[in-house]
Structures are given as structure tokens and as C-alpha cells.
Amino acid sequence: MAESIGLKTGDARFWDAADLRAQIDRVFDICHSCRLCFKFCGSFPALFEMLDAIAEKRRAAYLAEHPEVVEAAMRKRAAAAAAPSPAHEGERAEGFGDEMPEIVGRARDLSEEQVDRVVGLCFQCKLCYPNCPYTPPHEFAVDFPRLLLRWKAHRVRRESVPWRTRIVRNTALLGGAASLAPGLAAWALRSRLPRWLMERMLGIHREKLLPPFAGETFSRWWTRRLRPPLPEPLPLREGVQEPVPLRVALFATCLVEYNEPVVGKAAVQVLEHNGVEVVYPEGQGCCGMPLLDGGDVDAVLRYAEKNLAVLEPWVQRGYEVVIPSPSCSLVVREEYPQLSPGAAAASVAARARDLCDYLFRLGRDGRLRRDFGRRLQRVKYHVPCHLRAQNIGFRGRDLLRLVADEVEVIQECSGHDGTWSMQKEHFEESLHWGRKLFAALQAGEGPCAACTDCALAATQIRQATGLRAVHPVVALAFAYGFDVEGAREALEAVAEAQ
């Protein structure tokens with residue numbers, strides 16, 4: 001029975017180059033024979049085309065060397081065509097055995113450069129994993145996205161990370177610098193000369209819409225805000241045996257801290273309105289997803305250990321960890337325990353919740369207030385890939401149904417994935433993979449709000465369609481009547497007072 005090492009970097013086999021190549025060959029051959037995941041990204045079509053090309057080349061060479069095989073096949077076909085067909089009703093099919101030996105392309109025939117091409121086209125949406133019939137506990141133990149990250153990790157160890165890549169993936173450096181001069185940062189993001197320089201120096205496509213930097217970070221807002229007394233929570237619904245705790249530690253994520261603080265503000269407002277105590281642990285940083293996408297697992301491990309040291313004491317005190325970004329919740333819940341096996345990662349992962357999942361559970365317990373002052377009419381809700389990969393349900397949709405007359409669910413990838421779509425060589429392709437989502441959002445007539453849990457997907461949506469997509473918790477805060485500065489315009493067009 002095969003075993004998937006995943007991201008268990010402490011396992012000696014993880015860094016064994018021969019073992020890695022053996023796993024690449026094994027998994028690539030399984031994927032080539034299955035082909036179920038052809039539609040998720042460019043990696044699979046590229047893999048299939050390369051192996052098929054090898055098979056066709058060998059087939060042609062074999063037939064050229066053995067004309068008798070072709071002649072025998074032609075005789076069989078001619079005999080079959082001349083034979084009288086028996087009377088029958090319905091369809092008839094004739095089967096023939098192989099007319100030539102099996103000549104196929106195998107993954108072991110691929111060069112390292114060809115494997116690199118497959119790896120480079122993967123943008124880690126991770127949708128192949130929940131759709132694959134051969135993931136653990138199946139004996140094939142296929143884990144395609146983590147296997148490709150392992151290949152990247154080996155490359156990073158051999159070649160290190162280019163300086164420009166380190167800068168682009170250092171969210172604290174970029175966000176911290178931009179927060180000091182947000183006006184200048186905004187000018188640089190929309191002006192031609194700075195964008196040309198960014199493309200030349202950092203490889204960021206000059207036309208790529210980048211997340212805006214906020215004038216005030218979430219942590220600064222948290223420090224200066226007034227904390228009203230918490231209202232009494234609603235009584236538990238009868239029969240609830242294990243209610244969610246009414247105290248949470250907010251893991252805000254980089255995008256909330258520097259780019260979309262409105263999501264963090266809305267989360268705090270909604271949680272506290274429902275009697276939930278919210279703490280914002282000091283010292284938390286990036287979850288490490290941008291670095292993980294590039295295979296820099298050693299750096300991700302440092303990020304993980306820092307965040308675990310910050311969050312684990314709160315978990316021990318009975319707090320849930322709520323995370324408003326699906327990519328970050330996926331890393332904390334599923335990748336930290338592999339990268340940093342131990343009690344801290346296990347306990348934090350067990351108590352980590354996607355924000356909308358926590359609010360849904362609160363409603364299931366009967367403790368989510370329904371005193372909404374506004375109601376939305378039509379909403380189109382995009383389900384982020386990293387939410388789908390966690391198999392926790394579409395809780396953003398479920399919450400939106402509380403405040404909207406109609407909620408349409410769109411399960412299509414935006415094609416963004418961290419810094420992948422920002423790169424000059426992948427920008428156009430990223431829009432290609434998001435085209436179904438963009439078309440679905442633009443279909444129909446009349447005013448309609450767009451929602452997604454993923455801030456980067458929202459950026460991609462705005463790039464392609466001009467629509468401003470907001471987080472479901474922002475829509476919920478708006479319905480309660482809270483101020484949602486920066487997102488109000490996207491919601492007011494489809495809102496009505498209760």
C-alpha cells in the first residue's frame with residue numbers, strides 16, 4: 001500500500017530526491033490513466049499531452065519498423081467489413097483485441113524540465129484533491145497538490161528563493177511599508193511608470209489589479225476602538241448538546257490587516273452583537289500560504305511555529321480560533337499539523353474555524369440574532385476553492401440566505417491563487433481559468449450583489465468584471481445596520497429597509 005508523505009518535512013523521505021521522483025512517476029501515471037481532473041488547471045492537460053506525445057512517437061516508430069502489424073490489422077478490418085451481418089434488433093458492436101503491443105508513455109520518461117512545467121502550471125487551488133477517487137485512505141494515496149509542493153521544496157533547497165520572489169511574498173514587508181504612506185502606495189498601484197518598474201523588477205504584470213492598501217490597518221483600528229459592553233447572548237436552542245464557545249481568538253490574516261480591514265471590523269461587530277467575546281492575539285503574522293505556494297517550507301514552518309505560540313494559549317483557555325480567509329484557515333487546519341507535528345498544532349487545528357462556519361454553528365445553536373434592519377434582494381455567492389477543499393459546507397451561502405431574498409451559488413475557480421496570477425507569465429492564463437466565474441457573475445439582468453469569502457478572488461473578480469465582491473460577514477454586518485465603509489456602495493443598490 002502506498003503512503004503519502006504530504007508536507008511532513010520531518011520525515012527523512014521527504015527530502016530524498018530518489019523517493020520524490022518515484023512518487024512523481026507513480027502519481028503522474030495514475031493521473032494519466034484516470035484523467036478526471038483535466039479541467040481544474042493547466043497541469044493536468046500538459047501532463048496528459050506530454051505522455052500522449054511520447055506514446056504516439058513510440059507507436060509511429062514501432063509501426064514503421066513492423067509493417068506486418070499494419071498489414072495484419074488491415075486484413076482483419078477488411079474481413080470484418082466483408083462478413084455478413086446477422087439479423088438483429090438494436091445496436092451492435094464488434095470488439096477486437098489489441099492489434100499491436102502496448103506502447104505507452106510513462107512518467108519516468110519525462111525530463112525534470114517537463115515535470116517543472118507541470119508543477120509551474122499548478123496554482124494550488126487544491127480542487128483535484130477532494131475530487132480525486134484515489135486520495136488517502138485509498139491504497140494509491142494520491143495527494144497531487146502536496147506532491148507538487150514537495151517538488152518545489154526540493155527546488156528551493158537546491159536553488160534558494162530569488163530575491164524578488166521573497167519581496168513579493170513578504171506580506172508584512174509590503175503591507176507595513178504601504179500602511180505608512182497609503183496615498184503613495186495607491187498612486188504606485190495605478191500609475192504606469194511604477195507598474196512598469198514593478199514588472200521589470202518584481203515580475204508583477206503591469207495590468208494586474210492588486211489588492212488596495214488601507215489607510216488604517218486592522219490592528220490600529222482594534223487598538224483605538226471603543227469596546228461596548230457585550231449584550232446577553234440568546235438562550236441555547238433546546239436539545240443542543242455541544243454549543244460553540246462564546247469566545248473567540250481572531251486570526252485576522254494579512255489581507256484583513258493591510259488590505260481589507262472592513263472584513264475584520266465587520267467580523268468583530270457581528271460577533272460582539274451576538275454576545276461573543278473577541279480577542280485579537282498580539283504577535284500573529286502571515287499564515288505562510290504565499291511562501292508555501294512557492295515551496296519554501298522551511299520559512300512556512302517558522303511562520304507556523306510563531307502563530308502556534310500565539311494562538312495555542314488561547315485555545316487552552318477555551319477560545320475558538322476564527323479565521324475570515326479560507327486559504328488561511330486551510331493552512332492552519334490542515335497544513336500546520338503536517339509541517340509542525342505536535343500538541344500545539346493539533347490543538348489549534350482542532351479549534352480553528354472558518355469565520356462563516358463559526359457563525360453558522362452559532363445560528364445552529366439558536367444564538368445568532370435575526371434583528372436585521374436591512375435586507376438584500378439578489379446575491380451571487382462565489383464559493384472559494386480553498387473553502388471547497390476543506391469540505392465544511394457553504395456556510396457563507398447559508399448566512400446570506402438569512403439576509404437575502406435570492407442567493408445564487410457559483411462553484412467556479414477565480415484563477416487567482418496568491419501571487420501566481422500576479423506573475424507576468426501567468427496573468428493571462430489566470431483570467432482564462434476564471435472565465436466561467438466571471439461569466440456567471442455577469443449573467444442576468446437587474447441589480448445583484450456579489451459575495452465571496454476570498455479577498456484575492458474578489459480582486460480577480462473586480463479585474464475581470466468591475467464588480468465589487470464583498471465578504472459574507474460584511475453583508476451580514478450591513479444587514480444588521482453597522483457601518484461597512486468601503487463596501488456600502490456594493491450593497492446599497494440591492495438593499496431595502498426592513
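Colleague: What does the protein chain average in pLDDT, and which residues fall below 50?
Modeller: The protein chain averages a pLDDT of 90, and 96% of the residues score at least 70. Where pLDDT is low, the predicted coordinates should not be read in detail. That caution applies to one stretch, which has eleven contacts in the model beyond near neighbours in sequence but a pLDDT below 50, namely residues 91-101.

Colleague: Is the pair formed by the rings of phenylalanine 44 and phenylalanine 48 stacked, edge-to-face or tilted?
Modeller: A search of the whole structure finds 14 aromatic pairs. In the pair of phenylalanine 44 and phenylalanine 48, the ring centres are 6.2 Å apart and the planes meet at 40°. Planes under 30 degrees apart would count as stacked and those over 60 as edge-to-face, so this pair is tilted.

Colleague: Why are phenylalanine 44 and phenylalanine 48 separated by about one helical turn, and which aromatic cluster holds them?
Modeller: An α-helix has 3.6 residues a turn, so residues three or four places apart point the same way. Phenylalanine 44 and phenylalanine 48 are four residues apart in helix 2, and therefore about one helical turn separates them. Phenylalanine 44 is buried at 2% relative accessibility, and phenylalanine 48 is buried too, with a relative accessible area of 5%. The cluster that holds them is formed by Phe28, Phe44, Phe48 and Phe144.

Colleague: Which helices do the buried residues of helix 4 pack against?
Modeller: Helix 4 covers residues 112-121, and its buried residues are Val115, Val118, Val119 and Leu121. These buried residues pack against helix 1 (17-34), helix 2 (43-65), helix 6 (144-159) and helix 21 (427-433).

Colleague: Are the two faces of strand 3 covered or uncovered, and which residue stands opposite valine 322 in strand 4?
Modeller: In a regular strand the side chains alternate between the two faces of the sheet. In strand 3 (residues 320-323), Glu320 and Val322 are buried on one side and Val321 and Ile323 on the other, and both faces are covered. Strand 3 runs parallel to strand 1 (residues 247-250), with three bridges joining them, and it also pairs in the parallel sense with strand 4 (residues 352-354) over three bridges. In strand 4, the residue opposite valine 322 is arginine 353.

Colleague: How many disulfides does the structure hold, and how far from cysteine 37 is the nearest cysteine sulfur?
Modeller: The structure holds zero disulfides. Cysteine 31 is in no disulfide, and the nearest cysteine sulfur, that of cysteine 132, is 6.3 Å away. Cysteine 31 is buried, with a relative accessible area of 11%, and cysteine 37 is buried at 9%. Cysteine 37 is likewise in no disulfide, since a disulfide needs sulfur atoms within 2.5 Å, whereas the nearest one, from cysteine 128, is at 5.3 Å.

Colleague: Is phenylalanine 213 buried, exposed or partly exposed?
Modeller: Phenylalanine 213 is found in the loop between helix 10 (192-202) and helix 11 (218-224). Not counting residues up to four places away in sequence, phenylalanine 213 touches several residues, among them Leu174, Pro182 and Tyr258. Buried would require under 20% relative accessible area and exposed over 50%, so at 26% phenylalanine 213 is partly exposed.

Technical notes. Residues are numbered from 1 along each chain as its sequence is written. This is a predicted model: local features need pLDDT of at least 70, side-chain atom pairs count only at pLDDT 80 or more; totals for chains, interfaces and linings use all residues. Side-chain values use heavy atoms; hydrogens and water are left out. Buried means under 20% relative accessible area, exposed over 50%, partly exposed in between (1.4 Å probe, protein chains only). Two strands pair if DSSP finds at least two bridges between them. Contact means heavy atoms within 4.5 Å. Rings of Phe, Tyr and Trp (its six-membered ring) pair if their centres lie within 6.5 Å; planes under 30 degrees apart count as stacked, over 60 as edge-to-face and the rest as tilted. pLDDT is the predictor's confidence in each residue, from 0 to 100.
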